[in-house]
Every structure is written in C-alpha cells, then in structure tokens.
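Please prepare a briefing on the protein shown below, arranged by topic.

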Amino acid sequence: MRRRASRVATFVALAASCLAAVATADAAASCPQALTQRIPARAPAAETGSEFVRQTAPLSEAEREKVIAADLLAGNLPEFLRHLKPVTLRGRLPRGEAVEITLCVTPDYLALGSDADFLRVPMGLSTALTTAARFGFVLPTPRMVDAIYEQADIHLRPQPLPPGPAMRSNAYYWEHQQRVQKQRLALHAPLGTLIAGQKKDLVVTNRLWRKAGRVAIYGWHTGAGAPIQPLSTVHGARYADYSHGVRLVSAVAYVDGRPRSIFDVLGDPWLAGIVSDEGPILRLASLIQAAPATDQGNGCTITVAC
C-alpha cells in the first residue's frame, strides 16, 4: 500500500514540476517547448519504424510490448511529436462566467522511429500510461478526443482492415501505417500538422473504476461527432490492435491562459465538465495507477467497433 501511495504521488508531482517550467500566462497560445522536456533525446542509432517491424516480427505480443515500452522510454520517437499543438475547449461556470481551457497535445499518435521512417504504434494500457506519466502527460478523455478532431488541421478517413486475429500483427500495423501515410501525403500535410481520424484513442474514463483490468477506447471519427468506436471497455488492458493509437495530453492545461495541473482541472466539479462529458474523473492519479494492474481477458478481437 505504501509503495502504491508513493507511485500515485509521483503522477501528481510530475504535473507540479511541469507547471514550474511554464509559468507564463500567455504560453497556451503556442504550447511551450518546455512541456516536452521530459522526453529523452532520440539516439542517432535508434531503430526506425520499419526496422522495428522487421526485428519484432518473430516475437510474441508480450515480448513485442516490452520492446515498445523500452524504445519509447528511451526517446525513440520522431522529432515532430515533440512539438505540441493547442486545442481549446470553452464553457461556463455555474454563475455564467465564460472560461477557456487550452490543452497541449501531440500532433499525431505515439510512434517509434525517425521523422523519415516511423510507425504509429499500438500498445497496451500499461505501456501507454507509463510512457505518458514519464513524459509528463496523460491520456485524453472522450470529450478531448472530440475536440482534437474538430480542431485538427487535417482530417483523415478511417482505414479499417479486414477483421480477424491478424489485427494484432506487425503486418497489419505496417499496412495501416502505409495507408495513413498515403492519405497524409495526398493531402500535402507536413509532419507536425495536427491530424485526426486515423486511429481510435486510448482514453481515461470513470468506467475504468468499474472495469478493473480493462482498457477504454474511443474515436476513429468519420466526421465531427461521428466516431466509429463509441466508448468501450470490452478489451483487456493488454489488448492492442492496428486501429489503436495513443495521443498524449500535457499534464499542464491553461485555464483562461494560466497554467494549471490537468489533475486539478479533471478533479474540479465545475471545470471538469468542460473537458469531460462525465464531469470529474475521480481520483485520476489513482485511476492511472490502478488501471493496468490486472487484465481480465482480451474482449472482442475480430470486430471494428466493439
């Protein structure tokens, strides 16, 4: 119990340390580079996306997951993901005061490799949460996912592949990567542009308190307010297939231009409703810690939306 309490405190502490680095009131307009300072520099000899696909092809899913986690935590991700984009949600407080909350998000989903050769890589919940926390980020809520889609500079069409056991294979991961890249290039969208529609999101939700050992997924929009995947917790926490992506949201949010911990925002009874359609996300730091503790089955493995 003492160890868990210490680890929960770490999640809260990371937000405080990030806040100290971005104390200017107008930082939200551009998402300061300081928000990504916890991400290690990519080593020149780090493997590329295509090399990852080849080298991990013989591995089991569990072995591949270990490589994904190690690569991400070592900083093997493209440079363009280190330049965050602002997404602003608006609402009103109980007395009618207007309020704006700006989030700083990665322009695309977590990927392994270089700008020239990368893979948008699916991963289990534990890897996603550990990586997010280490870098000073959290996963989005469904409402944040909607806002990111609505404010994206480029909307990509979902590219479902035939369902079946191969959905979790390297071959499917790479095939889907190539389809997304083809769309991006056809739209002349440079790397670092805020794009959406290419993946489902791993999200945080109060449902994870009721569904221990599960992962929550949502999104893959075909248009504003039109996700293929409604919020679901049917999959076990270790489950990942080609359609899943991890979009990171900085642990620092900006409330009317002033930096504030996202943990505070999502726990605030009035502010939380602006960034979460569930209202407050209960004990977010504890939820993050508890979510990957157990894995109760794989859930549906052969459907597009489940």
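With which residue does R90 form a salt bridge? R90 pairs with E100, the closest N and O atoms being 2.9 Å apart; a salt bridge here is a side-chain nitrogen of Lys or Arg within 4 Å of a carboxyl oxygen of Asp or Glu. The model is predicted, so local features need pLDDT of at least 70 and side-chain atom pairs count only at pLDDT 80 or more, while totals for chains, interfaces and linings use all residues. Residues are numbered from 1 along each chain as its sequence is written, and side-chain values use heavy atoms, with hydrogens and water left out.

**Overall architecture**

- The protein contains 10 helices and 14 strands, taken as DSSP runs numbered from the N terminus (helices: H or I, at least four residues; strands: E, at least two).
- Of the 306 residues, 56% are buried; buried means under 20% relative accessible area, exposed over 50%, and partly exposed in between (1.4 Å probe, protein chains only).
- Among contacts with a separation of 6 or more, 74% join residues 24 or more positions apart, a contact being heavy atoms within 4.5 Å.

**Salt bridges**

- The count comes to 6 salt bridges.
- R90 lies in strand β1 (residues 85-92) and E100 in strand β2, so their pair ties together parts that are 10 residues apart in sequence.
- R90 is exposed at 59% relative accessibility, whereas E100 is partly exposed at 36%.
- R168 and E61 meet in a salt bridge of 2.9 Å, N to O. This pair links distant parts of the chain, with R168 in the loop between β6 (154-155) and α6 (170-186) and E61 in helix α3, 107 residues apart.
- R168 is buried, with a relative accessible area of 12%, while E61 is partly exposed at 37%.
- The side chains of R260 and D268 also form a salt bridge (3.4 Å, N to O); R260 is partly exposed at 29% and D268 is buried at 14%.

**Disulfide**

- A search of the whole structure finds 1 disulfide, defined as a pair of cysteine sulfur atoms within 2.5 Å.
- C31 and C104 form the bond, with their sulfur atoms 2.2 Å apart.
- C31 lies in the loop between α1 (2-21) and α2 (49-56) and C104 in strand β2 (residues 98-105), so the pair ties together parts that are 73 residues apart in sequence.
- The torsion about the S-S bond of C31 and C104 is about -95°, so the disulfide is left-handed.
- Both C31 and C104 are buried.

**Strand pairing**

- An open sheet of 4 strands has the order β10-β9-β8-β11 with mixed pairing, where two strands pair if DSSP finds at least two bridges between them.
- Its edge strands, β10 (227-232) and β11 (244-245), each pair on one side only.
- β8 (residues 200-202) and β9 (residues 217-221) are antiparallel over 3 bridges, and K200 stands opposite G219 in β9.
- Strands β13 (residues 252-255) and β14 (residues 258-261) run antiparallel, joined by 4 bridges; A253 has R260 of β14 as its bridge partner.
- The hairpin of β13 and β14 has 2 residues between the strands, and D256 takes a positive phi near 50°.

**Helices and a buried charge**

- In helix α4 (residues 125-135), 8 of the 11 residues are buried, including L125, L129 and F135.
- G136 follows α4 with a positive phi near 90°.
- D71, in helix α3 (residues 61-73), is buried without a salt bridge, and the nearest side chain of opposite charge, R42, is 8.1 Å away. For charge, Lys and Arg count as positive and Asp and Glu as negative; His and the chain ends are not counted.
- Beyond its neighbours within four places in sequence, D71 is in contact with E47, F52, N76 and L112.
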